[in-house]
Structure formats: C-alpha cells, structure tokens
Amino acid sequence: MKLGLYDAILHDRPLADALRVIADNGLTGIELNTGGFLPPVHVPDIDRILTDDRARDDYLAQFDGTGVSIAGLNCNGNPLHPDPVIGAAHAEDVRRSIQLAARLGQDRVVTMSGLPAGEPGGTRPNWIVNAWNSAALDVLEHQWSVAVPFWQEIDVLAQEHGVKVALELHPQNLVFNPASIRELVERGGLTNVGVELDASHLFWQQMDPIAVVRDLGPLVFHAAAKDVRINPHAAINGVLDNSFRRLAPSEPRTNLGGDEWANEWPAPSAWDFVALGKGHDQAWWTEFLRALREVDPDMWVNIEHEDTELGREEGVAAAARVLLAADAALAVPSGRD
C-alpha cells in the first residue's frame, strides 16, 4: 500500500520541515489540507497555482528529492452549513480543491458530506442520530433535498477534472455510514463521489472498519489511519457522551468557521483518538490494509494524528511504526488469501 500522513498535525512548521518529518518516519506521501475547518497552511498560494503555471511548477518543485509526494488534498468542513459564512466558504473550498487537484496532478480530494439545517430557514445544522419518529424522517428528507443537488454539482465538476471526491464517514454529517453514502450516491446518480475510510470514527460507533471496507468495495477511494481507544467510562455515559465544555474566548481554541469553535473534550472520556496500536494492535491494522488492498492496491492510506497524550512528532513516529509493520506483514497471507 502507499502510506503517508495528513499534514494538519505539522501545520506548526514550514512545508519543507513537514516533508522531512514524513520521510524520516518511512512514509512517502503528504495529504495536504486545502481549506474547510483548517487553513491551507502548506498550500498558501492556491489562487496563483490555479492560474499561473510558473507558480504551480515552483510549488511542485518543493517535493523534488524529498522522497515524499502529494497523497491527495483534504478540505474537511461543512459545505451544507446553513450559515453562508461557513457553508458557502466550505463549499467553495471543495470546488477549489478539485480544481487544484487537477492542477497538481492529483485525483483525490477528501472532504465531508456536510450537514444542513433541519428545516427550510433553519440556522443551525441538525444531525438526526436515531430517526425513530416520523418527524425525524421529515427532517432527513429535507436535508437530502439540500444535499443531493449540491453533490450532483460537485460530481460533475469532479468528472470534468478527473478527480474522485472521498467523503469521510464522520458523525454530525448527513453521510456517516455505508447506508447514508449509498443513499447519497443513488439519489444523486453520482459517479465520482465515494468514501474516505477513516477507521477511527467507525470504531467509536462500534462498527467494524474491515467489514465496512468489504461492504463498500469500489466506493472506497482513499483511507485514513487513526485509532480509537474505548475507555471504561463508556460503560457509564456511552459512546454518545455529550459532556463537552464550551471554551472561553480567552482560552486556546480552534475556529471551525464563522463563530463556531471546537469544544473541550469530555473528562473522563468515553473514548479517545489515539495513535495506531493504542486501541488496536498491529495485526488488526494488517487486516485493515489487506481489505483496502483488495479494493485498490495503489490506494493511499494516510496517518491522521490526534492523540493528545503524545507530541506531534512523537505521535507521528508511533503511528508510522505500527502502520509500516502492518504493511510489511501483508506479505504473510491471511486465511482469506
């Protein structure tokens, strides 16, 4: 498999230094953030690259001789947010990222499906967690009526540029599991929209990422390697624990667009994002890679580091050791081979 790193954890340093960290850990790709919730730190001149061949060539020259190539673009955000300060901006980031991918010789853009308001004129996104009542299905029907035309437009743009758009199956989005990605694809007649298979968000929902890969098959375009540890407190508050604390403006916090901010994680937590190996061992990750290889042996699988117990480089190194060992173990056949 082709193994890389999503660059957000290295946004604290220049691109050249980020590439050195990636190469020093035996990885060969960098997935570049190009908008959405986070700024395009390592691609600061997107507009120039889109229009100026010299600017594009100068940018690509930074990768020469590093042993690291571009492993897709990422603009995770909420392009369906009813607040245009957020939704319209994130939607434009998706469009620009598709155009940028084509300019840079890339064919994968990672993002999220987004989440609209629950009714016409609504101002806040509304995630239906469990549609046991008929009113919840009415909300979903409205949300599909918003989502489908947008993703049909994006699908056409992606086709024109030879790009596949991979939606992360992420809760608090309209698309977050196999049933919902299939519903979007079927309602929209989409051909260039599929899935970025991030195991972490499936783990905490108590799903089996390997089974999901094999269920979705060719709808899986791209993958992320991030682990989850389920903690003892899950027995008390469950994995949908909502005990987040609002951070004050005086505290360090991450802006998500407009006047929306990331909250403080619950403590004690029901579950945590952790480096590979701290939630699931190397043998599990080997079988995950094996399932992805069955779909596409040239698929990029990029580490995403969000383990707050480890430093930036420490966490990248820990995850890379497990992922590289898991990849090497693919030479040993499983019971399925």
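This report walks through a predicted model of one protein chain, from its overall build to a few single residues.

In this predicted model, local features need pLDDT of at least 70, side-chain atom pairs count only at pLDDT 80 or more, and totals for chains, interfaces and linings use all residues. Residues are numbered from 1 along each chain as its sequence is written, and side-chain values use heavy atoms, with hydrogens and water left out.

## The whole chain

Let us begin with the overall view. The protein chain has eleven helices and twelve strands; these are DSSP runs numbered from the N terminus, with helices (H or I) of at least four residues and strands (E) of at least two. The radius of gyration is 19 Å, close to the 20 Å that the globule rule gives for 337 residues, so the chain is as compact as a globular protein of that length. Here the radius is taken over C-alpha atoms, and the globule rule is 2.2 Å times the number of residues to the power 0.38. Along its principal axes, the C-alpha trace spans about 55 × 50 × 50 Å.

How much of the chain is buried? Of the 337 residues, 52% count as buried. Buried means under 20% relative accessible area, exposed means over 50%, and partly exposed lies in between (1.4 Å probe, protein chains only). The accessible surface of the chain comes to about 14,700 Å², and 51% of that belongs to carbon and sulfur atoms. These areas come from the Shrake-Rupley method with a 1.4 Å probe; for residues, only the protein chains shown count as cover.

Contacts (heavy atoms within 4.5 Å) tell us about the fold as well. Among contacts between residues at least 6 apart in sequence, 78% join residues at least 24 apart.

## A look at helix H4

Helix H4 covers residues 87-103, which makes 17 residues. From its first C-alpha to its last it reaches 24 Å, close to the 24 Å expected at 1.5 Å a residue; the expected span is 1.5 Å times one less than the number of residues.

Which residues of H4 are buried? They are Gly-87, His-90, Ala-91, Asp-93, Val-94, Arg-96, Ser-97, Ile-98, Leu-100 and Ala-101. As background, an α-helix has 3.6 residues a turn, so residues three or four places apart point the same way. The cover over the buried residues of H4 includes helices H2 (46-51) and H5 (134-161), along with strands E3 (69-74), E4 (108-111), E5 (164-168) and E9 (255-257). Just after H4, Gly-105 takes a positive phi of about 75°.

## Residues in the loops

Another backbone detail is the cis peptide bond that joins Ala-267 and Pro-268, where omega is about 0°. Pro-268 is found in the loop between strand E10 (260-261) and strand E11 (271-274). The loop between E10 and E11 is also the place of Glu-264. Leaving aside residues up to four places away in sequence, Glu-264 touches Phe-244, Arg-245 and Leu-247.

Asp-83 is found in the loop between E3 and H4, while Ala-331 is found in the segment after helix H11 (312-328). Here is how accessible some of these residues are.

| Residue | Relative accessible area | Class |
|---|---|---|
| Gln-172 | 56% | exposed |
| Gln-206 | 55% | exposed |
| Asp-83 | 27% | partly exposed |
| Ala-331 | 69% | exposed |
| Glu-264 | 35% | partly exposed |

## Distances across the model

Finally, some pairs to find in the structure. Asp-83 and Glu-314 are 231 residues apart in sequence and 38 Å apart in space, C-alpha to C-alpha. Glu-264 and Val-213 are 51 residues apart in sequence, and 31 Å separates their C-alpha atoms. For Ala-331 and Val-228, 103 residues apart along the chain, the C-alpha separation is 26 Å.
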